[in-house]
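Thanks, everyone. Let's take a quick look at the spaces inside this one, and then at one helix.

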Amino acid sequence: MTQIDLTFLKLGGSLITVKAAPRVPRTDVLERIAAEIAETLSAVPAPGLLIGHGSGSFGHVPAAAHGTRGGVSDPAGWGGFVEVWRAAGDLNHMVVRALQDAGIQAIGFPPSAVVTAEAGEIATWDTLPIRAALAAGLIPVVYGDVAFDRVIGGTILSTEKLFAHLVPVLNPVRILIAGIEAGVWVDYPQRSDLIPVIDPGLAKDRWAGIRGAEDPDVTGGMRAKVASMLNLVAENPQ
């Protein structure tokens with residue numbers, strides 16, 4: 001039931017929120033992005049699009065405070081799990097509403113309701129509803145969220161992990177990652193050395209310069225995101 005020329009688009013948490021300030025959305029940016037997506041979709045016959053977004057300062061701040069990604073095993077931890085779930089869901093509602101207000105038929109798919117994990121990795125995910133949404137011409141929206149984990153109780157699944165699981169199922173032709181920066185810097189935060197092309201042959205000295213994250217990011221920041229995308233391309237060369 002998948003569409004031809006399906007695109008995955010990730011809206012980074014640093015793009016749609018102020019990551020240095022808890023629960024502060026960049027409302028103007030969300031509205032602008034939604035308008036740009038709507039304009040693009042209107043110009044493309046039968047477009048196929050799946051959107052994912054990070055949790056930014058909504059999910060990462062409580063996740064860091066409670067250590068949710070590393071596992072959940074006691075009442076305090078489960079309280080943190082619920083706090084992260086609520087924060088991530090609140091941001092998703094804002095993203096979906098901005099898309100809908102721009103005329104896009106977007107529908108949210110909370111991973112916490114349908115995805116289970118095992119030792120921090122996705123174990124099960126019934127993707128039939130997402131495939132049905134795409135077949136109906138709707139725009140599914142997934143996001144970094146908590147998940148129940150068979151081994152460590154609970155964890156957090158990043159948007160990159162969600163995309164990695166969905167790629168062999170939905171076979172997108174492209175994956176676009178939108179962030180607040182112009183690209184990946186070797187010397188962040190100085191921002192004088194931008195990597196023009198990132199591939200598996202990236203020189204070790206260039207790779208060594210890619211940092212994690214300046215603000216709270218429990219999923220590893222830019223370095224982890226680049227590594228996950230390189231692995232995804234290597235595993236799915238088509």
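First, a definition. Ala, Val, Leu, Ile, Met, Phe, Trp, Tyr, Cys and Pro count as nonpolar, Asp, Glu, Lys and Arg as charged, and the others, Gly among them, as polar. Keep in mind that this is a predicted model.

Now the second largest pocket. Its lining divides into 14 nonpolar, three polar and four charged residues. The space in this pocket is about 410 Å³. In total, 21 residues line the pocket. Nearest its centre lie Thr7, Leu9, Thr40, Leu49 and Leu176. Which elements give two or more residues to this lining? They are strand 1 (6-11), helix 2, strand 2 (48-53) and strand 9 (174-178). Helix 2 gives the most, with six residues.

The largest cavity holds about 40 Å³. Two elements supply two or more lining residues each: helix 2 (27-43) and helix 4 (75-101). Helix 2 again gives the most here, with four residues. The lining is Leu11, Leu30, Ile33, Ala34, Ile37, Val95, Ala98 and Leu99. By class, that is eight nonpolar residues, no polar and no charged.

Last, helix 3, residues 56-66. Which of its residues are buried? Gly56, Ser57, Phe58, Gly59, His60, Pro62 and Ala63. What covers them? The cover includes helix 1 (13-16), helix 4 and strand 8 (153-157). Just after helix 3 comes glycine 67, with a positive phi of about 65 degrees.

Terms used
Residues numbered from 1 in each chain as written. Predicted model: local features only at pLDDT ≥ 70, side-chain atom pairs only at ≥ 80, totals over all residues. Heavy atoms only, no water. 1 Å grid on protein atoms, 1.4 Å probe; cavity = no way out; pocket = protein on both sides within 12 Å on 5 of 7 lines; lining within 4 Å. Points joined across faces, edges and corners; volume = space filled by probe spheres on them. Buried < 20%, exposed > 50% of the residue type's maximum accessible area, 1.4 Å probe, protein only. Contact = heavy atoms within 4.5 Å.
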